[in-house]
Amino acid sequence: MNPIAWQDIRFEDRGLLLLLIVPVLMGAWRIWQRKRLEPTIRISTLRFLTGMTHPFRARMRQALPWSRLVTVSLVIMALARPQTAFREEEVSVEGIDIIVAIDISESMDARDFTPDRMTAAKATAAAFIRNRKKDRIGLVAFAGESFTQCPPTTDHEVLLAQLDMLRSGLLERGTAIGMGLSTSVLRLKDSEAKSRVVILLTDGVNNSGFVDPLSAADAAAHYGIRVHTIAVGKNGKAPFLLQSVTGEIREEWKDVELDEALLREIAATTKGKYFHVENEAALTEVYQEIDRMEKARLSVKKLARKTELFAYFLSLAGILFLIELLLRYTWLRSIP
C-alpha cells in the first residue's frame, strides 16, 4: 500500500468536523480553570527553589487529560469518514496501420537531393517511423515490379533495418506505381485498424507493371484506405553519378519525368493529400505534416477508487484510550 499523505485525505462528511470545536473548547476551559484554581504563595525570594524540577510522573499525570482530548478529536474525525481518492486514467489506443511505399527505381539515385533522392527518402521515412511508436507500419518497395519488404509490424527496429537495406537495382527497371499501390492495398485491406494509410513516394511516371494506378486507387478507396502521394524532384534534368568502364566516376545530367497529375488524382480518389518536394528539407516537412494529420485516436476512461480510512482513526483513538486507562489506574494512580 502506498504511503498516505495528509494532503491526499478527504472527508466525506466534512460538516461533522465542526464538532472539533468541542475538544478545543474543553482544552481552553481546562487551561483557564488551571490558572484560576492554582494556589499562590507570596514569598520574598525564589532562590531556594532553583534547581527543583517537576517529577516525570507528575508531568505525565498532567498530560492525561490532553490525551483524552486527542482521543475525542480522532473519534470525531473518524465519524467524518476520512478517505483517500486515487484517480486513474485507463487509456486505450486505436492505432493506425500504415504502409510506406517507396520507389527504388534507378532515377531515385538522382543527386538533386543530399546526397541523393534514395538516401533522403530513407532518412525521412526512418524519422517518421521512429515517431509512430503505437502504429503498425509496413514497407513496400517498387520499381518495374513491387514486393513487400516488411509487413505491418510494431517491431520498428526490424522495420528500420529492412528500410536501410533498400537500394536501386533490386528490382526490374521501370516505375510501376500501380503495382506498388496495389501491393500496399493488399497488405492493408484486411486490417482491423480504425485508420489505414499508404504513403506513396515516387519520382517518375507509371511505365511498367500490369496494374493501372487509378484502378489501384479505386481499390484503396473501396477499402477505406487513404493514400498520401509524394512527388520527388521535378521534370527536366537531374544530376547522376556514372562510372565508366575504366572506373572513372563522373557526374552526368539526365532527363527525368514526373507525373504530378496522376499522383494528384490518386490522392484525391482516396481522400488523401498530394505533396511535391524538390529538396530533403521539404520532404522532412511533408512527413511531419502527415504525422500531424494521422494521429492515433485515444479513448480515455477515468476511474476513481476510494479507500476508507476511518478504521485507522478509530484504532488510534482506541489505543490512546487504553493507554490512558492503563496509566491512570496503575503507574499514575493517585491515592486519596
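**Figure 1. Asp 97 and its bridge partner in strand β4.** Asp 97 has Arg 136 as its bridge partner in β4. This is a predicted model; local features need pLDDT of at least 70, side-chain atom pairs count only at pLDDT 80 or more, and totals for chains, interfaces and linings use all residues. Residues are numbered from 1 along each chain as its sequence is written, and side-chain values use heavy atoms, with hydrogens and water left out. Strands (E, at least two residues) and helices (H or I, at least four) are DSSP runs, numbered from the N terminus. Strand β3 (residues 96–103) runs parallel to β4, and seven bridges join them. Two strands pair if DSSP finds at least two bridges between them. Ile 99 has Gly 138 as its bridge partner in β4.

**Figure 2. Strand β3 and its other parallel neighbour, β6.** Seven bridges also join β3 to strand β6 (residues 195–202), and the two run parallel. Here the bridge partner of Asp 97 is Arg 196. Eight of the eight residues of β3 are buried, so the strand is largely enclosed by the rest of the structure. Buried means under 20% relative accessible area, exposed over 50%, and partly exposed in between (1.4 Å probe, protein chains only). Ile 96, Ile 98, Val 100 and Ile 102 point one way from β3. Asp 97, Ile 99, Ala 101 and Asp 103 point the other way.

Figure 3. β3, α3 and β4 form a right-handed β-α-β unit. A crossover is right-handed if, with the strands pointing away from the viewer, the path from the first strand over the helix to the second runs clockwise. Six of the seven residues of β4 (residues 136–142) are buried, so this strand is largely enclosed by the rest of the structure. A hairpin of three residues joins β4 to β5. β4 and β5 (residues 146–153) pair in the antiparallel sense over five bridges. Val 140 has Thr 148 as its bridge partner in β5.

**Figure 4. Two aromatic pairs.** The count of aromatic pairs comes to two. Rings of Phe, Tyr and Trp (its six-membered ring) pair if their centres lie within 6.5 Å; planes under 30 degrees apart count as stacked, over 60 as edge-to-face and the rest as tilted. Phe 11 and Phe 313 have ring centres 6.5 Å apart and planes at 65°, so this pair is edge-to-face. Phe 11 lies in strand β1 (residues 9–11) and Phe 313 in helix α9 (residues 310–328), so the pair ties together parts that are 302 residues apart in sequence. Both Phe 11 and Phe 313 are buried. Phe 128 and Tyr 287 have ring centres 5.4 Å apart and planes at 45°, so that pair is tilted. Phe 128 lies in helix α3 (residues 117–130) and Tyr 287 in helix α8 (residues 280–293), so the pair ties together parts that are 159 residues apart in sequence. Phe 128 is buried, with a relative accessible area of 4%. Tyr 287 is buried at 3% relative accessibility.

**Figure 5. A charge over the ring of Phe 240.** Lys 254 lies over the face of Phe 240, at 5.6 Å from the ring centre. A charge sits over a ring if NZ of Lys or CZ of Arg is within 6 Å of the ring centre and within 35 degrees of the ring normal.

**Figure 6. Pro 213 in helix α6.** Pro 213 is placed in helix α6 (residues 213–222). Pro 213 counts as buried, at 3% relative accessibility. The C-alpha atoms of Pro 213 and Glu 265 are separated by 9.7 Å, and the two residues are 52 residues apart along the chain.
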